[in-house]
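Please look at the sequence and the model first.

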Amino acid sequence: MRRAWVVAAAALAFGCALFATWPAASSPTDTILCNFVHPDCVSNHWLMVWVADQVAHGRSILHNDAYYWPVGDAPWLAGNGSEGFGYLPFHLLFGWPTGSTIYLVGILTLNGLAGYTLARAAGASPAAALAAAPTASAMLYAIHELGAGRFSQVSFCWMAFFLAAWLRFLRAPASSPSVLGGVGAAALLAVTSLFYWYYGLFSVLAGGTLLLFHLRRNDRPPIRALVVFAVSYLVLIGLLLWVFARYWAARSEEHTSELQSHSDLVCRLLLEKK
């Protein structure tokens with residue numbers, strides 16, 4: 001019976017995702033999902049494809065010499081390009097633009113499923129939680145971000161899945177702390193942070209608030225499970241933080257020196273012209 005409710009939620013979410021993206025979803029081979037009025041639209045389609053293509057061919061995603069030529073840049077770090085990881089299998093199977101449309105419709109569907117899952121974790125009955133599926137799938141905020149081409153902001157599903165897992169983790173009996181639940185919640189928080197670090201920050205703030213309420217209502221907090229959660233998250237996110245810190249610092253130094261040399265050249269040319 002539980003599976004039937006999940007299938008119903010997925011069907012509602014998918015139907016709303018199709019409705020929100022029609023008619024582009026009906027012709028994925030020659031249309032793309034975004035509004036060309038917004039400057040991020042085409043550039044983030046390029047970034048998603050570039051990350052997927054670099055990973056598929058075993059090439060680095062940490063620098064692109066042609067991006068902001070002649071200085072170059074780190075588009076994955078600077079432009080929230082992790083959406084290319086999720087898009088990768090669709091790129092390999094269908095190519096662009098077909099794969100991007102299928103992937104983004106899938107993300108909207110996952111948003112709906114995440115809304116249903118979070119509603120259930122918050123205490124809603126299966127029937128009541130069904131309302132959350134189409135609501136989250138066609139959320140106006142996500143549709144606007146999709147139109148602007150900001151795909152990392154569209155996929156708030158990972159944050160909602162984490163909060164659902166976190167609620168279940170906190171509600172586990174204190175006598176048998178859910179270590180496995182803590183690892184699962186940490187993995188979802190790491191995925192959330194990978195796809196969009198702002199959502200990772202929002203998840204930490206929301207999760208911390210829920211934890212404080214839990215501690216106020218319970219005399220025996222699940223210390224062991226909380227430690228497992230924290231350590232698991234730091235291990236999972238540690239490599240990403242190291243890469244970000246190292247290459248972001250290098251990016252800043254490179255841009256400063258390169259831009260200074262180019263500005264000096266422009267100044268000299270202007271002075272010579274006078």
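The model is predicted. The protein chain has 13 helices and 0 strands, and 41% of its 274 residues count as buried.

**Overall fold**
- Along the sequence, the protein chain reads α-α-α-α-α-α-α-α-α-α-α-α-α.
- Of the contacts between residues at least 6 apart in sequence, 72% join residues at least 24 apart.

**Helix 1 and helix 5**
- Two packed helices are described by the angle between their axes and the distance between the axes.
- The axes of helix 1 (residues 2-21) and helix 5 (residues 98-121) come within 8 Å and cross at roughly 140°.
- That angle makes helix 1 oblique to helix 5, and the crossing is right-handed.
- On the side of helix 1, the contact involves Trp5, Val6, Ala9, Ala10, Ala13, Phe14, Ala17, Leu18 and Thr21.
- Their partners in helix 5 are Val105, Leu108, Thr109, Gly112, Leu113 and Tyr116.
- By class, the contact of helix 1 with helix 5 holds 12 nonpolar and 3 polar residues, with no charged residues.
- An α-helix has 3.6 residues a turn, so residues three or four places apart point the same way.

**Helix 10**
- Helix 10 runs over residues 157-170 and has 14 residues.
- From first to last C-alpha, helix 10 reaches 20 Å, close to the 20 Å expected at 1.5 Å a residue.
- Helix 10 is mostly covered, with 13 of its 14 residues buried.

Key
Residues numbered from 1 in each chain as written. Predicted model: local features only at pLDDT ≥ 70, side-chain atom pairs only at ≥ 80, totals over all residues. Heavy atoms only, no water. Helix = DSSP H or I, 4+ residues; strand = E, 2+ residues; numbered from the N terminus. Expected span 1.5 Å × (residues − 1). Buried < 20%, exposed > 50% of the residue type's maximum accessible area, 1.4 Å probe, protein only. Axes fitted to C-alpha atoms, helices over the stretch in contact; angles between N-to-C directions. Parallel < 35°, antiparallel > 145°, perpendicular 65-115°, else oblique. Left-handed = near helix turned anticlockwise from the far one by under 90°. Contact = heavy atoms within 4.5 Å. Nonpolar A, V, L, I, M, F, W, Y, C, P; charged D, E, K, R; others polar.
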